[in-house]
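Have your viewer ready and try each task before reading on.

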Amino acid sequence: MSTTHYSPSTSVGDTERYIRGKEDERGAAVTCDVPGGPGAFSARARALTQNTKRGVEALHYRQSFSDEEFDPNSPEDVQRVNDLGYLLAKRMHPDSDCLVVTHVDGRGRKPHNHILVVNHNNRTGKALSDYRTFHDRKAGNQRGVQSANDELMREHGLSVVKRLEHPPKDWELRREDFAEGSLDREMGDRMSAALANPRSMDKAGLESVIAEQNQQLGDDGKQVPRMRLHTAVSKRGKNVGKETWTLYIEDRRGESGRAARRKRTSALSADFTPKGAQAFFDYHQQQKEQDHERSARQAEAAERAGRAAAAARQSGDDGDVDLDPRRRRGTERAARPAGRAAEGARGAREGHGRGDEQAHRPGVDLAAVRQHVTADRERREQAERDREHAQRVRAESRREAAERRLAEFGRRGAEEPRGYGLGD
């Protein structure tokens, strides 16, 4: 089950840096039509759009999946999510270059794709006009991105989400609504990073992380503008009695005409409200408890192993150390009373080989085991088919791009002025 969202990117360089991460660390899986490392895609997008009147450099889609279908901790599942994102991009815009970056670092670690498509059709040379809405539009017979996504999900045996009237508006979806380099976008980026920090398990932890951010250096080598979170309780209006949050950030640029720019967190993203932030707090607290439980189990296992090793050493130091193990076992069997042996044999027969201690336990549900194995095999086979399909589409796209470059090279060569011979 997956949902989609579309937002135009007027600065593809800034968008690419955000979805890749400053150190190219955010992508759990990455597919790109443009050869080269980080920045190559945005450079091509700018080269294709800078001499035109297009204000949009790239179309930015987000494709979000349920963690019930794909495990964010499984590299195989993450790669399949990335492949499905690439297939969606090529289904909508087969003649345009695309970049697909898969994230698993959002709230709840649900896998999702960020899909960037250059606003340029390599075949026609025109800007892209299709799939720039969420739902289908009757005017102009325009298809929506969710319709294309639902078709893809059905073809690959995945569930389709019920019709959504309004897609969720978290920061990753709202970010493109704010100008590049603006204080609003900086506040949102820093608030998003603070909430994603594992130490933000409550409001105090969040404020501590924000305070640490104030000591960092920006891209210009200077200390970033100081930011703080202010909380208050509404005294009037529809939110009377409820806690509200406001972000204040130092305004060195004069955007607001004041010493600081302020913004209600609800105006930036639903994730930044007290209710939205609580989801992050609960997730980090749950992860901490699971880590603590995991550490306790490991310590307990190590302690048991240590006791077993000590017992083995102690048994090796008693008077039987010189007795051959096979002879010792034979001696123990010979000393065993006949009645006890008969009782053990009877218990083994009644317990189907598990003995009296386990005879009352239910047997293994072989049908359930077979069903699980079959489902797992089908899932792996489908993932392999998706991978092969994505590879074929990618190879075809690269072949067509090479043919276009070769044709363009030949056309330029034919248009160059011919020289004159010596006799002319």
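A charge sits over a ring if NZ of Lys or CZ of Arg is within 6 Å of the ring centre and within 35 degrees of the ring normal. The model is predicted: local features need pLDDT of at least 70, side-chain atom pairs count only at pLDDT 80 or more, and totals for chains, interfaces and linings use all residues. Residues are numbered from 1 along each chain as its sequence is written, and side-chain values use heavy atoms, with hydrogens and water left out.

**Exercise 1.** Find which charged ends sit over the ring of Tyr-18.

*Solution.* Start with Arg-175, whose charged end lies over this ring at 4.0 Å from its centre. Then take Arg-26: its charged end sits over the ring of Tyr-18 too, 5.1 Å from the centre.

**Exercise 2.** Classify the pair formed by the rings of Phe-65 and Phe-70.

*Solution.* Rings of Phe, Tyr and Trp (its six-membered ring) pair if their centres lie within 6.5 Å; planes under 30 degrees apart are stacked, over 60 edge-to-face, the rest tilted. By this rule there are four aromatic pairs. For Phe-65 and Phe-70, the centres are 5.3 Å apart and the planes at 90°, so the pair is edge-to-face.

**Exercise 3.** Decide whether Trp-171 and Phe-272 are stacked, edge-to-face or tilted.

*Solution.* Their ring centres are 5.8 Å apart with planes at 35°, so the pair is tilted. Next, widen the view: Trp-171, Phe-178 and Phe-272 form one aromatic cluster.
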